[in-house]
Amino acid sequence: MDVPENLQGIGIPYFSEAEWTKAKRLMADAHTFHDTYAEFTQRVAQAERELRAKGVATVRVPLNVDAFIAWCGKTGRKVDSQARAAYAAIAAHKHDQAG
């Protein structure tokens, strides 16, 4: 599935603390993750504020690491930030379509 071009909201990949801990072990780019979950959540909140200040809607997309890795395998993607962004964009598009 390709990333839709007509998004109304930007999808932001988001992990629960347990999923973030798992992701930090399994993602190809885990070395780029924040040192703590608190830092991760603060950065997400900051990104949301910055986007909303520009008039851009955001949608937090909860990521289940196992489902995400399976999706990457099905779509031939590396398990990294580019794939997380694409996954979140697709989920945001589905959110837009729903309503």
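1. In this predicted model, Arg84 and Asp29 are both buried. The two residues form a salt bridge, with their closest N and O atoms 2.9 Å apart. The pair joins distant parts of the chain: Arg84 belongs to helix H4 (residues 81-98), whereas Asp29 sits in the loop between H1 and H2, 55 residues apart.

2. The salt bridges number 3. Another of them brings together the side chains of Lys22 and Asp66, at 2.7 Å from N to O. Here too distant parts of the chain are linked, since Lys22 is in helix H1 and Asp66 in helix H3 (residues 65-75), 44 residues apart. Asp66 has a relative accessibility of 45%, so it counts as partly exposed.

3. Glu48 is buried, with a relative accessible area of 6%, while Arg60 is partly exposed at 38%.

4. After H2 comes Gly55, whose phi is positive, near 85°.

5. Which residues of H2 are buried? They are Tyr37, Phe40, Val44, Ala47 and Glu48. Viewed down the helix axis, the buried residues fall within an arc of 100°, and therefore line one face of H2. In an α-helix there are 3.6 residues a turn, so residues three or four places apart point the same way. The face turned away from the buried side of H2 carries the exposed residues Gln42, Arg49 and Ala53.

6. What do the buried residues of H2 pack against? Their partners are strand E1 (9-14), helix H1 (17-26) and strand E2 (57-62).

7. The structure contains 9 aromatic pairs. In one of them, the ring centres of Phe15 and Phe40 are 5.8 Å apart and the planes meet at 50°, so the pair is tilted. Phe15 is in the loop between E1 and H1 and Phe40 in helix H2, 25 residues apart, and the pair thus links distant parts of the chain. Phe15 and Phe40 are both buried.

8. Phe68 and Tyr87 form an edge-to-face aromatic pair, 5.4 Å centre to centre with 90° between the planes. This pair likewise links distant parts of the chain, with Phe68 in helix H3 and Tyr87 in helix H4, 19 residues apart. Phe68 and Tyr87 are both buried.

9. Ring pairs also join Tyr14, Phe15, Trp20, Phe33, Tyr37 and Phe40 into a cluster.

Definitions and conventions. Residues are numbered from 1 along each chain as its sequence is written. This is a predicted model: local features need pLDDT of at least 70, side-chain atom pairs count only at pLDDT 80 or more; totals for chains, interfaces and linings use all residues. Side-chain values use heavy atoms; hydrogens and water are left out. Buried means under 20% relative accessible area, exposed over 50%, partly exposed in between (1.4 Å probe, protein chains only). Helices (H or I, at least four residues) and strands (E, at least two) are DSSP runs, numbered from the N terminus. The arc is that of the directions from the helix axis to the C-beta atoms. Contact means heavy atoms within 4.5 Å. A salt bridge is a side-chain nitrogen of Lys or Arg within 4 Å of a carboxyl oxygen of Asp or Glu. Rings of Phe, Tyr and Trp (its six-membered ring) pair if their centres lie within 6.5 Å; planes under 30 degrees apart count as stacked, over 60 as edge-to-face and the rest as tilted.
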